[in-house]
Structure formats: structure tokens, C-alpha cells
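This report describes selected features of one protein model. The sequence and the structure come first, and the text then goes through the features by topic.

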Amino acid sequence: MSAPNAGDTAWVLVCAGLVLFMTPGLAAFYGGMVRTRNVLAMLQQNMIALGVVSLTWVLVGYTIAFGDDAGSGLFGNLELFGLTDLKVPPAPNLHVVDGRITIPTLAFVLFQMMFAVITPALVTGATAGRLRFGGWVLFLAVWSIVVYAPIAHWLWHPGGWLAKFGTQDWAGGLVVHASAGAAVLAVLLVVGRRRNWPHTAAPPNSIPLTIVGAGILWFGWFGFNGGDGLQANGLAAQAVLNTHLAAAAAMLVWLALERVTDGHSTVVGAVSGAVAGLATVTPTAGYVNAASAVAIGALAGLVCHFALKLKYLLRLDDALDVLAVHFVGGMLGTLLLGLFGNRGVNPLGADGLFLGGGGGLLWRQFVGVVSVVAFSFVLTWLIAAGVQALIGLRVPPADQERLDQAQQGADAYHLGGVTSLTAPGAPRRRTAAAPAGEPSVPPGQRVRVVTALLEPDPAANSADLRDALLRAGAISVIVSDAAVATTTPQASLLPRGYWQDQPLAARLRVTVLVGADGVGAVLDELDRMGARRSDTFVQEAERVQS
């Protein structure tokens, strides 16, 4: 038995860290695209996978996936349960994966653990706003053992039946993306649709958060695809290069399609295309050359973009388009390997149809897709239905738009339209409060209350708004958030080319207390700021005796 190779070991451990980093990246990617009141719930649903699946993997998942085959090619035996005995180590008392891949077995366990963690987390993007936390935790634990681990055995263990059949999956087009995509189909049948879908959509709360999450995913994907050869060599470099090129090509194609179909090339479209390219190149990254990776990425941008319509055809409320990006991307990449596979890149691979290998590899890839999707869909539906019946998986409809408060008793953000107005001057510490000025109208004298609605933009500077009204004679000024009914709904662009008609439009409500002789000047200032007289009211009032 050879001693572990230090360079290979370091590379695999780094890649394990990169893949771990993808889980909070996925949380941010999804978290930025859900409603403001569901952000914490989405982050929690993703992060909890690091706790739950890490333990199930060590206890039983690893031995099912990578223990000695039980004889059927379907799952490994339980000899490595809990990693309490990695078998009797041969001289020189070192566990390594095998004679060719000389890294410690525990490094391999750790690397594969991170794939097990992120795979079920992909489901949360489709089910946004509908998962009960306790039910989701139970689902995670069972799914990672019953669904994920056997599929990993089929394809990534030498004794797995699909591995022996000749189906190839470099880094998880089937094990990760197709299995999670099929799980999405099943879970959506159990948890159902959000209220009023598809007539109402959920506007994103923070596109910058989504972009940061996408950047983390892109960065982490270098470990996702680069580490699967378990060696720091030229093949790892090829896999990383292919990963990046496919993402770049898919991004550009997606943006071009957005421009043609929607009239705008958006930053959300850019990262959506990139993630589609990353998912699609995953099963091929270590088996194709750079030119093929560009072609695969371009096809991913094209196919996955048009697959956005899939959820409407299937009548499935896939909130963040997991089916279009991950499910379709994973299956597409698996099949494209049957076309672009190149033994010149990796002697352990096979030539695809375009490289003179005939249709054999394409057929084997097709069998792999059908088998994984069918297995994952059926078992996931049974697990989800069981969890729903036992403790509940779907949240009550009344909580769908307020999961943060319902599940965590907290809010992600504490800024409204008023508190976010800008003001001049540098930030400073508050010292003593200035004494309040005496009111210009004695108590008991009648005054006027002027109420107007303003567009947020003209009133963006709070100091200007206050000063202008005080100069006009205002005694006090109150600004609050409001929404007005519009005769013509305002169309707003949502991520990935979706549009939503808003019958209520955001406004600022300005309430001004003013003496009777100052009403005209206040109305003039409000007119200057864009208030419409039809939305402005003047009422008599009386100052209360303090």
C-alpha cells in the first residue's frame, strides 16, 4: 500500500472546503430571490443541511455509497457504519482510497460528504415559501440515506450497477442534479402551489445577495468539478477550465436570448445562465476538451433558458426555476457526454458519437438518466408523503408569506421606505438633544392637517423634504409608507424574464400640520415634489393641550 500523496491530499481537502462553501452560496443565491419575509427561512433550510446530512453521511450514508458492494450493485454493505472501522489497515498503517489514488480515505469521506450535503439543498429553491422546518429536517435525513447514497453507489462505486454498465458521471450530473431535480418534481406534488400561483409572483428582496451567492457557487464549482479525479494533475486543470468555459458560454447565450425575448439583458439572467452552464458541464468536466466545454455551455444557455416554461407546462410551482436550471441542465449534460466524450482527455472515459465512438455511450447515458430520475422521483414522493402525514412538510397557507416570523420570530430586514431615505452630512455620534422649539400655534387654536402622496424618488432626501415644508410654515411633518391603487397596473420585471403586474404602487404618505394661513404654501411645495391634488387632502384639526 502506497503512502498518501501530499499534493493530492491537499488538493482534495481544498476542494472539499470549496464544495462546503457552495452551501452558504446556494443559501444566498436563493435567499436573495424570495420575499423579504421569507429570507431567514430560506437561509435556514439550506444551512441546516450542513448539520443534518453531515451526520447521516458519517453514520450510514458513506457505507451505503462506498462500502463494499452488497452483491447487487444497488448499495454497499454496512461494514463501515459510523466509520468506526475502516477495516484493518495494511502496512504501513495507512488508509488510502486505493493503490492509484493515494489520498487518505477520510479525505475522500469528507470530499464526498459535501456533495451529499448540497444535493438535497437544491430542492429548497423550488419549494420556497412552503416548507415546515421540522418536516424539512426529517426529509433531509431520510432522503440523504434512502435516495442519495444508493445513487452515489450506482455511479461512483466500481461495483455499482450503472458504473459496471458503463454510464459515466464525472461530478454529479446524475448523482446531484438529476436526482435533486426528480426530487423537486415529487416534493412539489406533495407541498402543492403557493396561494394564487401563477397569477402572483414573488418579487426578489435582494438581487445583490443573489449575485454574491452566484459568485460563491461559481468559485466553489472549481472544487466541485476539479476535485473528482482525486489528484492534483492535468486532468484536474482540464476539469476546472471546462467548468469555467461552460459557465461563461452559457452566460452569454442566456443574455443574448434575454435581449431578444424580453428586451433587456439582466444581471440575474447572467448568473442564471452561468449556473445552468455549471450544472450542465458537471457530468462531462473530466471527459471532454475545452472546445467541447464551450459548446456544452452554449447549449445549456439555450436549452435551460427555454426550459423556464417547463413549470407552466407541468403546472408545478417551481418558485426559483430549479427544474429549468439544475434538472434539465444535469440531464442535458449527461446526454451530451454521449456526444462529446473524448478518451484523449481521460483514458478512463469513452469516445462519444462525435469522436467516432458510435452511439453506445449515448445509450448508456440515457439508461442512467431514466434510472436515476425514476428511482429518485418514486422514493422521494414516498418520503415526502410520509413526512407530510407524520409531522407535516407543508406550512399552513397563512404562513407562506411570513415564514421568518412564523418559524424564527425575527425579520431579516428592519428598513422601510422612510428610514431608508438619504440625508446630507457625515454620520456622527449623538450628544445632547437640541431643545424642541415652541409650537408656532398655541394649544387650542385650530390648525390644518394636509395629507399627500408622493413618488419616492422626488422625495428621496429627507432633509430637503423636511426643510422645504418647514419653510412653507409646517409645524410638524410625518412621513410613512403607503400604497395606492392604480387604474393601470404597473408591470415590474422579475428575475429570469418574468413580469408581474402590480395593482398597488408604492408611495410616501406625507402628513403635515400647518396653520390655516400656511396651507397654500405647503400645497405649493407638495405640488413641486410631485403630489397630485386629487390625492391631497386638507382637514381641520385642533392642537391637543399637553
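In this predicted model, cysteine 15 counts as buried because its relative accessibility is 0%, and buried means under 20% relative accessible area. Cysteine 304 also has a relative accessibility of 0%, so it counts as buried. A search for disulfides across the whole structure gives a count of zero.

**Aromatic pairs**

The structure holds 19 aromatic pairs. One of them joins phenylalanine 21 and phenylalanine 219 in an edge-to-face arrangement, with 6.4 Å from centre to centre and 85° between the planes. Phenylalanine 21 belongs to helix α1 and phenylalanine 219 to helix α7, so this pair ties together parts that lie 198 residues apart in sequence. Elsewhere, Trp57, Tyr62, Phe66, Phe108 and Tyr148 form one aromatic cluster.

| Residue | Relative accessibility | Class |
|---|---|---|
| Cysteine 15 | 0% | buried |
| Cysteine 304 | 0% | buried |

**The cavity**

There is one cavity of 30 Å³ or more. The volume of the largest cavity is about 60 Å³. Its lining is made up of Met22, Leu26, Ile118, Leu122, Val176, His177, Leu217, Trp221, Phe224, Val275 and His326. Two or more of these residues come from each of the helices α1 (6–31), α6 (173–191) and α7 (207–226). Helix α7 contributes the most, with three residues. By type, the lining has nine nonpolar residues, two polar ones and no charged ones.

**A strand and a helix**

Strand β1 covers residues 446–454, and seven of its nine residues are buried, so the strand is largely enclosed by the rest of the structure. It pairs with strand β4 (residues 537–542) in the antiparallel sense, over six bridges. Arginine 448 stands opposite glutamate 540, which lies in β4.

Helix α15 spans residues 462–471, and its buried residues are Ala463, Leu465, Ala468 and Leu469. An α-helix has 3.6 residues a turn, so residues three or four places apart point the same way. After α15 comes glycine 473, which has a positive phi, near 115°.

Definitions and conventions. Residues numbered from 1 in each chain as written. Predicted model: local features only at pLDDT ≥ 70, side-chain atom pairs only at ≥ 80, totals over all residues. Heavy atoms only, no water. 1 Å grid on protein atoms, 1.4 Å probe; cavity = no way out; pocket = protein on both sides within 12 Å on 5 of 7 lines; lining within 4 Å. Points joined across faces, edges and corners; volume = space filled by probe spheres on them. Helix = DSSP H or I, 4+ residues; strand = E, 2+ residues; numbered from the N terminus. Nonpolar A, V, L, I, M, F, W, Y, C, P; charged D, E, K, R; others polar. Buried < 20%, exposed > 50% of the residue type's maximum accessible area, 1.4 Å probe, protein only. Pairing = 2+ DSSP bridges. Disulfide = S-S within 2.5 Å. Phe/Tyr/Trp six-rings, centres within 6.5 Å; stacked < 30°, edge-to-face > 60°.
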